[in-house]
Amino acid sequence: MAEVPGVKLIRNERLFHAPVGTDESVMLDSEGGRYFGLNAVGTYIWGLLEQPHSASELQAAVCAEFEVDPATCETDLSAFLDSMIANGIVHEAQA
(Lines give C-alpha, C1' and ligand atoms only; values in the text may rest on other atoms or scores of the structure.)
Protein backbone atom coordinates (compact mmCIF):
# COMPACT_ATOMS: atom_id res chain seq x y z
CA MET A 1 0.00 0.00 0.00
CA ALA A 2 1.50 3.28 -1.04
CA GLU A 3 1.19 6.05 1.52
CA VAL A 4 -1.74 8.27 0.65
CA PRO A 5 -1.61 11.62 2.47
CA GLY A 6 -4.37 11.96 5.02
CA VAL A 7 -5.52 8.33 4.75
CA LYS A 8 -5.65 6.38 7.98
CA LEU A 9 -6.68 2.79 8.43
CA ILE A 10 -8.69 1.19 11.21
CA ARG A 11 -9.66 -2.40 11.90
CA ASN A 12 -13.01 -3.83 10.92
CA GLU A 13 -14.95 -4.25 14.15
CA ARG A 14 -17.19 -7.00 12.77
CA LEU A 15 -14.35 -9.50 13.12
CA PHE A 16 -14.10 -11.59 16.25
CA HIS A 17 -10.58 -11.53 17.65
CA ALA A 18 -8.89 -13.77 20.23
CA PRO A 19 -5.30 -14.09 21.44
CA VAL A 20 -3.53 -17.42 20.98
CA GLY A 21 -0.62 -17.93 23.31
CA THR A 22 1.40 -14.87 24.20
CA ASP A 23 1.91 -13.14 20.88
CA GLU A 24 -0.37 -14.56 18.20
CA SER A 25 -4.04 -14.12 17.49
CA VAL A 26 -6.87 -15.44 15.37
CA MET A 27 -9.79 -13.63 13.80
CA LEU A 28 -13.10 -14.84 12.45
CA ASP A 29 -15.17 -12.97 9.90
CA SER A 30 -18.62 -14.28 10.79
CA GLU A 31 -20.26 -12.61 7.80
CA GLY A 32 -17.78 -13.97 5.27
CA GLY A 33 -17.10 -17.24 7.07
CA ARG A 34 -13.35 -16.67 6.88
CA TYR A 35 -10.67 -17.34 9.47
CA PHE A 36 -7.35 -15.47 9.75
CA GLY A 37 -4.28 -16.04 11.88
CA LEU A 38 -1.74 -13.39 12.84
CA ASN A 39 1.83 -13.78 14.03
CA ALA A 40 3.40 -11.52 16.63
CA VAL A 41 3.95 -8.60 14.25
CA GLY A 42 0.48 -8.90 12.74
CA THR A 43 -1.04 -9.03 16.22
CA TYR A 44 0.91 -5.92 17.20
CA ILE A 45 -0.35 -4.07 14.11
CA TRP A 46 -3.93 -5.27 14.77
CA GLY A 47 -3.67 -3.78 18.26
CA LEU A 48 -2.49 -0.46 16.87
CA LEU A 49 -5.38 -0.40 14.42
CA GLU A 50 -7.88 -0.15 17.24
CA GLN A 51 -7.31 3.55 16.56
CA PRO A 52 -6.78 5.08 13.09
CA HIS A 53 -3.17 5.08 11.87
CA SER A 54 -1.48 5.94 8.60
CA ALA A 55 0.90 3.47 6.95
CA SER A 56 3.87 5.64 7.94
CA GLU A 57 2.73 5.73 11.58
CA LEU A 58 2.42 1.94 11.56
CA GLN A 59 5.85 1.57 9.98
CA ALA A 60 7.48 3.79 12.62
CA ALA A 61 5.79 1.84 15.42
CA VAL A 62 6.79 -1.55 14.00
CA CYS A 63 10.40 -0.44 13.48
CA ALA A 64 10.54 0.82 17.07
CA GLU A 65 9.05 -2.39 18.49
CA PHE A 66 10.80 -5.04 16.37
CA GLU A 67 14.31 -5.47 15.00
CA VAL A 68 13.70 -4.68 11.34
CA ASP A 69 15.29 -2.23 8.94
CA PRO A 70 12.99 0.47 7.56
CA ALA A 71 13.15 -0.71 3.93
CA THR A 72 12.19 -4.29 4.78
CA CYS A 73 9.50 -3.05 7.13
CA GLU A 74 8.00 -0.81 4.46
CA THR A 75 7.90 -3.63 1.89
CA ASP A 76 6.46 -6.21 4.28
CA LEU A 77 4.00 -3.79 5.87
CA SER A 78 2.73 -2.68 2.47
CA ALA A 79 2.04 -6.28 1.43
CA PHE A 80 0.41 -7.02 4.80
CA LEU A 81 -1.86 -3.96 4.66
CA ASP A 82 -2.81 -4.68 1.04
CA SER A 83 -3.86 -8.19 2.06
CA MET A 84 -5.76 -6.91 5.09
CA ILE A 85 -7.62 -4.35 2.96
CA ALA A 86 -8.39 -6.90 0.22
CA ASN A 87 -9.83 -9.28 2.83
CA GLY A 88 -11.91 -6.60 4.54
CA ILE A 89 -9.94 -6.86 7.79
CA VAL A 90 -9.07 -3.17 7.82
CA HIS A 91 -10.55 -0.21 5.99
CA GLU A 92 -10.08 3.51 5.62
CA ALA A 93 -11.09 5.35 8.78
CA GLN A 94 -13.86 7.87 8.40
CA ALA A 95 -12.87 11.42 9.24
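A: Two helices, α1 (40-48) and α3 (70-86), each supply at least two residues of the lining of the largest pocket. Helices here are DSSP runs of H or I with at least four residues, strands are runs of E with at least two, and both are numbered from the N terminus. The model is a predicted one, in which local features need pLDDT of at least 70 and side-chain atom pairs count only at pLDDT 80 or more, while totals for chains, interfaces and linings use all residues. Residues are numbered from 1 along each chain as its sequence is written, and side-chain values use heavy atoms, with hydrogens and water left out.

The largest share of the pocket lining, 5 residues, comes from α3. The lining consists of Asn39, Val41, Gly42, Ile45, Val62, Val68, Thr72, Cys73, Asp76, Leu77 and Phe80. A pocket is an open set of points on a 1 Å grid over the protein atoms alone, where a 1.4 Å probe fits, with protein on both sides within 12 Å along at least five of seven lines; lining residues have an atom within 4 Å of a point. The space in this pocket is about 170 Å³, a volume being the space filled by probe spheres set on the points, which are joined across faces, edges and corners. By class, the lining holds 7 nonpolar, 3 polar and 1 charged residues; Ala, Val, Leu, Ile, Met, Phe, Trp, Tyr, Cys and Pro count as nonpolar, Asp, Glu, Lys and Arg as charged, and the others, Gly among them, as polar.

Helix α3 has 17 residues and spans 24 Å from its first C-alpha to its last, close to the 24 Å expected at 1.5 Å a residue, where the expected span is 1.5 Å times one less than the number of residues. Its buried residues are Cys73, Leu77, Ser78, Leu81 and Met84. These lie on the same side of α3 because they cover an arc of only 135° around the axis, the arc being that of the directions from the helix axis to the C-beta atoms. Buried means under 20% relative accessible area, exposed over 50%, and partly exposed in between (1.4 Å probe, protein chains only). The face of α3 turned away from the buried side carries the exposed residues Thr75 and Ala86. Ala71, also found in α3, is partly exposed at 49% relative accessible area.

Cover for the buried residues of α3 includes β1 (9-11), α1, α2 (55-65) and β5 (90-92), with contact meaning heavy atoms within 4.5 Å. In α2, Ala55, Leu58, Gln59, Ala61 and Val62 are buried.
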